[in-house]
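I opened the model to look up its sheets.

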There are 6 protein chains.
Amino acid sequence: MIDPLVVEELIDRALAEDIGFADLTSELVIPAAARAELALNARQDIVVAGIDVAAQVFRRRVPECRVELRVKDGDRVNAGTAMGRVEGPARGLLAVERTALNFLQHLSGVATLTAQYVERIAGTRAVLIDTRKTTPGLRALEKHAAQLGGARNHRLRLDDGVLIKDNHISVCGSIALAVKRARSGVPVLTKIEVECDTLEQVTEALEAGADMILLDNMSLEDLRRAVALSGGRVPLEASGGVRLETLRAVAETGVDFISVGRITQSAPAADIGLDAVVRT
Amino acid sequence: MIDPLVVEELIDRALAEDIGFADLTSELVIPAAARAELALNARQDIVVAGIDVAAQVFRRRVPECRVELRVKDGDRVNAGTAMGRVEGPARGLLAVERTALNFLQHLSGVATLTAQYVERIAGTRAVLIDTRKTTPGLRALEKHAAQLGGARNHRLRLDDGVLIKDNHISVCGSIALAVKRARSGVPVLTKIEVECDTLEQVTEALEAGADMILLDNMSLEDLRRAVALSGGRVPLEASGGVRLETLRAVAETGVDFISVGRITQSAPAADIGLDAVVRT
Amino acid sequence: MIDPLVVEELIDRALAEDIGFADLTSELVIPAAARAELALNARQDIVVAGIDVAAQVFRRRVPECRVELRVKDGDRVNAGTAMGRVEGPARGLLAVERTALNFLQHLSGVATLTAQYVERIAGTRAVLIDTRKTTPGLRALEKHAAQLGGARNHRLRLDDGVLIKDNHISVCGSIALAVKRARSGVPVLTKIEVECDTLEQVTEALEAGADMILLDNMSLEDLRRAVALSGGRVPLEASGGVRLETLRAVAETGVDFISVGRITQSAPAADIGLDAVVRT
Amino acid sequence: MIDPLVVEELIDRALAEDIGFADLTSELVIPAAARAELALNARQDIVVAGIDVAAQVFRRRVPECRVELRVKDGDRVNAGTAMGRVEGPARGLLAVERTALNFLQHLSGVATLTAQYVERIAGTRAVLIDTRKTTPGLRALEKHAAQLGGARNHRLRLDDGVLIKDNHISVCGSIALAVKRARSGVPVLTKIEVECDTLEQVTEALEAGADMILLDNMSLEDLRRAVALSGGRVPLEASGGVRLETLRAVAETGVDFISVGRITQSAPAADIGLDAVVRT
Amino acid sequence: MIDPLVVEELIDRALAEDIGFADLTSELVIPAAARAELALNARQDIVVAGIDVAAQVFRRRVPECRVELRVKDGDRVNAGTAMGRVEGPARGLLAVERTALNFLQHLSGVATLTAQYVERIAGTRAVLIDTRKTTPGLRALEKHAAQLGGARNHRLRLDDGVLIKDNHISVCGSIALAVKRARSGVPVLTKIEVECDTLEQVTEALEAGADMILLDNMSLEDLRRAVALSGGRVPLEASGGVRLETLRAVAETGVDFISVGRITQSAPAADIGLDAVVRT
Amino acid sequence: MIDPLVVEELIDRALAEDIGFADLTSELVIPAAARAELALNARQDIVVAGIDVAAQVFRRRVPECRVELRVKDGDRVNAGTAMGRVEGPARGLLAVERTALNFLQHLSGVATLTAQYVERIAGTRAVLIDTRKTTPGLRALEKHAAQLGGARNHRLRLDDGVLIKDNHISVCGSIALAVKRARSGVPVLTKIEVECDTLEQVTEALEAGADMILLDNMSLEDLRRAVALSGGRVPLEASGGVRLETLRAVAETGVDFISVGRITQSAPAADIGLDAVVRT
């Protein structure tokens, strides 16, 4: 779970941009004493992600509200499932319902799409992983949603993993030198991965002591050869333009990881409804 | 265009979450004096959005870099189009290229999807409008991207437009009272819209002096009747579950606006490549 | 009411600038266990504004304090009225009393001055409105205080209302073109107002479809003619150098709104006392 | 002068609250290439304060603009004086002119009102000083404006000066003990002032080694006696309800300082005009 | 005590930099329902500082935890002393224990080192004072820790005390002029200190009306002469390269204050252990 | 190098806490046009760290100043070395010199102390590593300084490395289960380390597939046995109470890493002088 203080900051910014000075309509039209009861309902099959964030949105702005969750992050629920209820002062709850829902729909969308990819490679040794292709500002939450959908994270940001790409290599002159330079300065709990375009590079990277190898845009044939070359010495990641249709074939080459940017970058919002009843 | 100081804050947060303490790989592997040249290329037909933001990302972190844009926000460009180049210190540019691209791909995705919707209703009087269903933290940019795709904005946030919904009405007891309360306190340059589920409500809303009416989930038949009822007195907005397939039929009922949450909430990232060359 | 999270941020900044590292005097001189009871008293006739903000100041820094308010925002109270009491740990309450009072006196000052202007035009159709001439940092609160004093807000900021001024017109070449450009990009719930210096411009603005017209520095005679010209088609705002003495005459020309910068920009602080008793 | 990084933060907040996502009108109506020239003109006699802040507002948002100031902070200028010009991109300058002017008018208002008070006591030994009765968020700037108007600052905040008031004394049991406690923990460059309601207390405070004494709400007669009692040993401050009319009489009692909250709390905005010309 | 809102901000930054997105280990390995009990134990003789900050760290991130402190800031405790216990949800407490301890060990280190210096000058009239040589970001807390160790603070920052140094003097041409300029603009509760390198300067400073004199890097002999020169008129501060070994000799010259940068700048962390027990 | 935007934020906070509203002395005493030249000089043998940060401090607040560095981060310089010069407006440079120096002295202190430890183990296979025992707020900079002194970083924070400690193990029931849980959720570029108190645990950890093993407080004998047990399969870290005196013996056991909290937590400030000359 993402740390609550990290999430609070994201919530505060989201509320600030959506509310501005005040929820004009509710402040003007609804009596201060009115109460509201909100119900969250899944309108499609989803993998739940962000239900804790949504709850935190309500509690942050309306500390006195009661939140009752009937599902939890990571649950797979069917269309029609009652996901939870929130009860409290109407003005406050109506002011934040859209923000709560925006988080929940977006993150459940990521988790749900991820799960579709993960399902495709069930039974293979390959594990789906995410990338740094995330929506600016939502890295932590989207990475967590991808996990809830069954993927693993690749790295969280630029300082917790080394990925030596073609440009790094060409500037250094060799994979060996690039790995050596990286090794000298990287935290000892951080791994070094090398991006390879060819099988020759794979051999070089293995010799250079890379902790992991990214096989960039290789054909299925080359992926298989790379798997053979490595012989299980280091984990191999297939990357580059993998789509839902081609995913299983890639997995069946024997690679350890397949990275897909689309799960965090192009997930449609999950269809989740919020029904409100307000009483004076 | 979104104000540059607003954008700078978004950029700073996006860089902070992606970089952490430092771009470990580039700092360790690339000599401080190395230069990079990056090229942005459209890999699909897109409506450009966020190219200014991407340029600002590069300039914010690497003030001495040179940015040359060959397209501008709002341009429709074909797959293969060279969109721009950036030249400067390699370490800095590589540290931020992903963040620049994340903004550009996401926002161009929104503009491109929006344009597809807009195209469907060409020739009708209906105008596509967006909603508050946006990605938390990116409201301003996504609203701008929707505009670049040909939509208009509905409202920016809760304090710059009044939208009286069913709950507001039921608490007040009548549309008339809800509008009256809203009118008494709303800034004089802000309009009041009333959500109506039935034609009776449309009549009530017209009598109550609403500035605009939202027709919620109405059948095509009812939309047509509402258009007739209103007789052009106030703009009418059709809303609720409108999809690309049903869009034109809705537009042909004669409504003034059609709101679609999907354009900001579910747009897949545009396929834009960034190719880098690094030289020592 | 302004959103509590917006207010909390203003309070935090105000406390930070007034306290610095600590309230040296109270920390050094008053025992940690001492309790204080503070009483807020009106020392002049006022329209109350900011009493909720003041209460929030106390609660923010001293969560365990008890606040009892005897008046509420918008109340008109006479000199001598007991406005409320706060009881709690002495060190904390003394550290923030000045900040609480600074908010309350300033905002009640704005509301009270506004009410004096509003009173002058009682019985006319004219409504007093505020402007963007506010104290930097306090826009939201001052706009709210103006409302409590009986005015309505014009617009909250530059993105929730369009006001086309002489410069915008001269650059476009015509009011018609300026309105057309604005209409194409403005959110659909936001109105477009045009500033007119002459009756010819009023005619142009009406034809261009302006939603509202600002009559800038016009004579009473011209104001009357503009009212006749418009014939109630759009609301008219009189603006420019209106003072308490000339207000009623302007109102009697038949305009809908009169804007006055002075109510937010030049309101003297309301005289409200805070009497404290500290007990060990 | 207030530190530029402190001022930048105030400017950023002021711009954020006034602009929101963008200056809609200028972005929509004015071509990107248009230039503007703004002229600042005094419309009343003023003591200038905030002209540097206004210049920094323009430069912060429009770094490429040219600012030419013809007056500087502290100058006394007559109605009609041309205070400065700004030239640059029209959209950016129009977006911030109101904020620049809000700072300038408010701060010049404070300096101008302060100067009126200061003038009244010319030729006496008394020096006007300010208080902590400032507008929340603007402490630093208002204190500086008061100085430009000829006052001196009392203390900047609660951690740079000790002021022992009646409550502190009553809790301690004696002025002597209160001063002793304060002395033991106060930074060595910070003075300790004691508020006295009676001449007996003045004697006590002198004996206790107070660095300065505040004479609270004393009659002119008692002020004179206090001056005699002190015999110049420590500076004396007269405080409490001093108005422009009574100021000189208080000064003539021989006190060293007279504090007036009104100069920062109730200063009307100075009348300064900003005339803009926009050219395509 | 430093104001809790000031401390909260420091805590939030410290937690953000140590936690990042989440405490990966605890989130993955420890069940959500597990409880932890932490015990803080002194492993050396220390002067306690920061125990309140540590408690605030736990409460900030884990509001439902129970904190029981057995010592308080300023206490002198022996190695082996049980300082306090914290009980609550294991994941949250383990995520913040290091940050709590980092504050406590650092601040107790400052207080403990300070106390060693203070002890050396027991029985003399000299008082140890701190400097602006503090760790960036921790000024308030380190100054407070120095006080807990028995020192007094010199000034908190650049705006709450005037210290005229050699460069200020040489630019002005004389101490007299420098003091005069400073006096004209300094808040009335703030003292003016003059740095003197020679006895001639001391005489000048006394004549110029300095409130305090810093004797910079003077020999013991000159310090004694300065004390004689001043004759108790203003406090004298000895400064410059004073070490634990030379401290007492300096104190015995009769100066009022001795400033030492080392106490805040070079204090080794106090040895305080945190033992945790986790239960499912 | 730490990312410049990260450093800028640290600098802004450090300046804010040291300057407050303004550098009173310089603003009052030094003419606005005066220039200063500052020289940084090593007064002891040091490993330079923070010279870039110091330069950034000057440039941040005084953009027009000229900074000339003669040493760079990581350089080992002798007492007496001229490290660099800064020339520019006197008021601005004097306002920030203390903050620049506070960063430089602290960070060079960390690097210099680290180098002393590193030197002790020269010629062994052991590498010195740091810990999370850093000064709150300065994690990034201190970790970088430790690297400049010749150490490597362990992990940067809680989300970029997994360290399974005794409590994690006892809650899980076995090392195997703890590692399995961690492996399932950790980013694929992040390593998992297990803390072992006994040789039995070392065997367990090896079998569980730990990426690295921390040998906690083991005797030299047990360290040697652990090295033999592991046989080079995974890196071994010796930790717990290692001091300068015992360091080499630990290194000679054959462990790969030795972690020492003291290098970041207890480093005395390096003695670096800043000499200023001011000219009108």
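I began in chain E, where the bridge partner of Ile129(E) in β11(E) is Ser259(E). The model is predicted: local features need pLDDT of at least 70, side-chain atom pairs count only at pLDDT 80 or more, and totals for chains, interfaces and linings use all residues. Residues are numbered from 1 along each chain as its sequence is written, chains are lettered from A in the order in which they are written, and side-chain values use heavy atoms, without hydrogens and water.

I noted the terms. Strands (E, at least two residues) and helices (H or I, at least four) are DSSP runs, numbered from the N terminus. Two strands pair if DSSP finds at least two bridges between them.

Next I followed β6(E). Three bridges join it to β11 (residues 257–259) of chain E, and the two run parallel. They belong to an open sheet of six strands, in the order β6-β11-β10-β9-β8-β7 (chain E). Its edge strands are β6 (127–129) and β7 (162–164) of chain E. The twist averages 25 degrees from one strand to the next. Angles run from 0 to 180 degrees between N-to-C directions, with axes fitted to C-alpha atoms, for helices over the stretch in contact.

Then I turned to chain B. Four strands form an open antiparallel sheet there, ordered β3-β5-β1-β12. Eight bridges join β1 (residues 35–42) of chain B to β12(B). Leu40(B) stands opposite Leu274(B) in β12(B). Helix α4 (residues 90–120) of chain B packs on the sheet, touching (heavy atoms within 4.5 Å) β1, β5 and β12 of chain B.
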